[in-house]
Amino acid sequence: MFRWITRFALVLLGAASADAREATVATWNLGWHLSQDQAATWIAKCSAPFAKNAQTGLWEPAAAGTPGWELKWGRDAPILWDIGNWPPCDVFQSNFDVVPVTAAAYEKRADQVRLLLADKVKADIIAFQEVSGEQAIRDVLPDGGKDYLVWSFDGFKIQRLGFAWRKELGPASLCAEETTISLPQFAPKDQVRPGLSLGLTIGGKKLRLLNVHLKSSCVTPVEAEPGNPRGALAGDDPACQVLQQQVSPLEAWIETAGDESDYLIILGDFNRAIWHELHRDEQVRTDGSDPVGPLASPVSVNSLIEEINDGKPVSSKLTVLEEHCPLDASTQAACVTAENPEDKAAWRASTKTLAGVNSLGCRNPVGLDHIVLGPGLTAGQAAVKVPLGRQGRTLPANQTHPNPLLALSDHCPLAAVVHFPD
């Protein structure tokens, strides 16, 4: 028998028996997180001047002009910038104003992330999203990651995925980029993030984990309304149309991995409030057909989770862990409402409450990040959100504090104690 359990899990999830076979797993989107060396280069790029090219209309690096921090950034901003390799300069904001970053501030943020992981998350296996690579992960692991093995990749774009797991779990039997999820049929600039799979051996059994960061901006069907398809997965919103195309390769991976392994965990930033899908009385496929079997064009799906979790084959049957916010009674009540809101107004109000510094503190508090278990695995309690509180906000520098205070992330960590069969 073996036992992996943390003080955080014992306090928030309840004590387990001494002979339980279990591990704490967590997922955390670190929000454009760079290694310290890369951060220094990024800060220099954003501190450098830009000037507007009269012919192209683009702001371009120049010998003199406006620092990058002072430009108006956005998805379609007219700025000559390689966003595939460098974060935009507006990652850290206070009251919607860009906060210039210093190397000292970025190092302090890394220290705070490290302490949160060590003191409150204490996971045995951590799936990271929006990290630039292995060194970016090691920079924030306790003791420089000496007790962890780490896997990430260098290709694709700057928003990469990574895993860290305790050395006592042994080396990986498999580490792979799952490129089908990135939609390789698209032009490179339009491809979305791939998945990242990890294989471990637990008690002589094969465990497969898939770390995902799916297409953003198609968050919830609660948003959709007449004349505004935002959030409707089967609608004509451009972001939802991209996410729609990720459903089939995601389901294919789950079914294959379920057949080839003993245990299965899918976790990460789904960018989709899948509990909203489960709470809605809506047919899974637009033509009303059975979600079992291949999805044939032009049929679309209304529910990502119900399409990929159709129960066939049995080895791919999934359990979505509920997400609790056990900071206090009001936070937990807001968490329940956010997962099953009566309408869009209730969803937005509960999310705003949870994002407050006296609550979870992260701008995207619940609904996007999920932990999903395959057959045979259980969690005695729900997954829990680890609050950032005031560490989820960014404050600009001032005369008293020459360095800004940087938010740890716009997401809070999500952790769960997973039980393995004896």
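Guide: Start with the whole chain. Of its 422 residues, 53% count as buried. Buried means under 20% relative accessible area, exposed means over 50%, and partly exposed lies in between, with a 1.4 Å probe and protein chains only. This is a predicted model: local features need pLDDT of at least 70 and side-chain atom pairs pLDDT 80 or more, while totals for chains, interfaces and linings use all residues. Residues are numbered from 1 along each chain as its sequence is written, and side-chain values use heavy atoms, without hydrogens or water.

The chain has 9 helices and 18 strands. Both are DSSP runs numbered from the N terminus: helices are H or I with at least four residues, strands are E with at least two. Along the principal axes, the C-alpha atoms fill a box of roughly 65 × 50 × 40 Å.

Among contacts with a separation of 6 or more, 67% join residues 24 or more positions apart. Contact here means heavy atoms within 4.5 Å. The accessible surface is about 18100 Å², and carbon and sulfur atoms account for 51% of that area. Accessible areas come from the Shrake-Rupley method with a 1.4 Å probe; for residues, only the protein chains shown count as cover.

Now the close look: helix α9. This helix covers residues 344-355, 12 residues in total. From first C-alpha to last, α9 reaches 16 Å, close to the 16 Å expected at 1.5 Å a residue. The expected span is 1.5 Å times one less than the number of residues.

Which residues of α9 are buried? Lys344, Trp347, Ser350, Thr351 and Leu354 are. They sit on the same side of α9 because their arc around the axis is only 135 degrees. The arc is that of the directions from the helix axis to the C-beta atoms. On the other side of α9, Ala345 and Lys352 are exposed.

Look next at the start of α9. A side-chain oxygen of aspartate 343 comes to within 3.2 Å of the backbone nitrogen of alanine 345.

What do the buried residues of α9 pack against? Their partners are α6 (274-279) and α8 (329-339). Take α8. Its buried residues are Thr331, Ala334, Cys335, Ala338 and Glu339. They fall within an arc of 130 degrees seen down the axis, so they line one face of α8. The face of α8 turned away from that side carries exposed Ala329 and Ser330. Cover for the buried residues of α8 includes α6, β15 (323-324) and α9.

Follow the chain past α9. Leucine 368 lies in the loop between α9 and β16. This leucine counts as buried because its relative accessibility is 8%. Leucine 368 and arginine 272 are 96 residues apart in sequence, yet 5.2 Å apart in space, C-alpha to C-alpha. Beyond neighbours within four places in sequence, the contacts of leucine 368 include Val219, Phe270, Arg272 and His411.

Aspartate 369 lies in strand β16 (residues 369-373). At 0% relative accessibility, aspartate 369 counts as buried. Its side chain makes a polar contact of 3.3 Å with that of lysine 385. A polar contact of 2.9 Å joins the side chains of aspartate 369 and histidine 411. Leaving aside neighbours within four places, aspartate 369 is also in contact with residues including Thr27, Gln129, Glu323 and Cys412.

Proline 298 lies in the loop between α6 and α7 (304-308). The peptide bond into proline 298 from serine 297 is cis, with omega near 10 degrees. Proline 313 is in the loop between α7 and β14 (319-320). The bond from lysine 312 to proline 313 is also cis, with omega near -5 degrees.

Definitions and conventions
A polar contact is a pair of N or O atoms within 3.5 Å; within protein, one must be able to donate a hydrogen and the other to accept it, and residues adjacent in sequence count only if both atoms are side-chain atoms.
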